[in-house]
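Please read the following points with the sequence and the structure open beside you. They go from single residues to the whole chain and back again.

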Amino acid sequence: MSENNILSLTGGLAGELTDIGHRLLARVYYADTDFSGVVYHARYLEFLERGRTDYLRLIGVHHSELADGKLGESIVWVVRRMEIDFRSAARIDDVLTVETHTAEISGARVRMAQSIKRGDELLIAAKVEAALVNGAGRPRRFPAEWIKLFKPQS
């Protein structure tokens with residue numbers, strides 16, 4: 001299958017960029033739920049991770065390229081801090097909207113605000129601080145060209 005055919009099949013797979021960040025749709029599957037039929041609390045972390053990863057992908061920042069040394073050495077993202085407010089539960093077959101935007105960026109850290117909604121109902125509100133580190137675990141600054149990619153919208 002050609003790359004163009006693959007892209008036409010997966011065009012919406014990574015969600016979409018919005019005026020302020022990124023939006024991703026995700027369905028709740030049986031594997032996401034616990035014995036009570038609601039989404040298990042740790043699964044929300046996975047939905048949030050997908051939102052952040054696809055946001056990065058669509059603005060041109062790829063995990064695999066960083067790990068392969070695109071910036072001169074192998075670099076990876078790490079979550080430094082996360083704050084989550086669980087407001088309401090999602091259930092099997094719900095279609096969720098994961099929204100992500102940059103709240104603040106500094107030399108080596110980015111703070112992102114994320115939410116998970118079912119329709120207009122806010123289920124999860126999260127604040128995530130992430131950083132870049134090299135193979136030795138040392139922090140690395142964001143390339144200058146990234147600042148405008150991540151710049152919070154007013």
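1. In which loop is Ala 90 found? Ala 90 is found in the loop between strand E3, which covers residues 75-86, and strand E4.

2. Is Ala 90 buried or exposed? Although Ala 90 belongs to a loop, its relative accessibility is 0%, and since buried means under 20%, Ala 90 counts as buried. Leaving aside neighbours within four places in sequence, Ala 90 is in contact with Val 28, Val 38, Val 39, Tyr 44, Leu 96, Arg 118 and Leu 123. Ala 90 and Tyr 40 are separated by 50 residues in sequence, while their C-alpha atoms are 8.9 Å apart in space.

3. One of the contacts of Ala 90 is Leu 96, and this residue deserves a point of its own. Leu 96 is found in strand E4, which covers residues 95-105, and Leu 96 is buried because its relative accessible area is 0%. When residues up to four places away in sequence are not counted, Leu 96 touches Leu 24, Leu 25, Ala 26, Val 28, Phe 47, Ala 90, Ile 116, Lys 117, Arg 118 and Leu 123. Val 28 is 68 residues away from Leu 96 along the chain, and yet the C-alpha atoms of the two are separated by 7.4 Å.

4. The loop between E3 and E4 also holds Asp 93, which is exposed, with a relative accessible area of 51%. The phi angle of Asp 93 is near 75°, a positive value in a residue other than glycine. Most residues other than glycine have a negative phi, so a student may wish to look at the backbone there with some care.

5. Gly 69 lies in the loop between helix H3, residues 63-67, and E3, and with a relative accessibility of 23% Gly 69 counts as partly exposed. Ala 136 is found in the loop between strand E6, residues 121-134, and strand E7, residues 139-140, and Ala 136 is exposed, with a relative accessible area of 62%. Ala 136 and Ser 74 are 62 residues apart along the chain, and their C-alpha atoms are separated by 9.6 Å.

6. How many helices and strands are there in the protein? There are four helices and seven strands, and from the N terminus on the elements run α-β-β-α-α-β-β-β-β-β-α. Of the contacts with a separation of 6 or more, 64% are accounted for by residues 24 or more positions apart.

7. As to overall dimensions, a compact globule of 154 residues would have a radius of gyration near 15 Å, and the protein has 16 Å, which agrees. Its C-alpha atoms fill a box of roughly 45 × 40 × 35 Å, taken along the principal axes. Of the 154 residues, 34% count as buried. The protein exposes about 9,300 Å², and carbon and sulfur atoms supply 51% of this area. There are 21 positive and 21 negative side chains, with the centres of the two sets lying 6 Å apart.

8. The mean pLDDT of the protein is 90, and 91% of its residues reach 70 or more. Over residues 6-10, however, the pLDDT is below 50, and beyond near neighbours in sequence this stretch has two contacts in the model. Where pLDDT is low, the predicted coordinates should not be read in detail.

Key:
Residues numbered from 1 in each chain as written. Predicted model: local features only at pLDDT ≥ 70, side-chain atom pairs only at ≥ 80, totals over all residues. Heavy atoms only, no water. pLDDT = per-residue confidence, 0-100. Contact = heavy atoms within 4.5 Å. Helix = DSSP H or I, 4+ residues; strand = E, 2+ residues; numbered from the N terminus. Buried < 20%, exposed > 50% of the residue type's maximum accessible area, 1.4 Å probe, protein only. Rg over C-alpha atoms; globule rule 2.2 N^0.38 Å. Areas by Shrake-Rupley, 256 points an atom, 1.4 Å probe, with all protein chains shown as cover. Lys, Arg positive; Asp, Glu negative; His and termini not counted. Charge placed at Lys NZ, Arg CZ, Asp CG, Glu CD.
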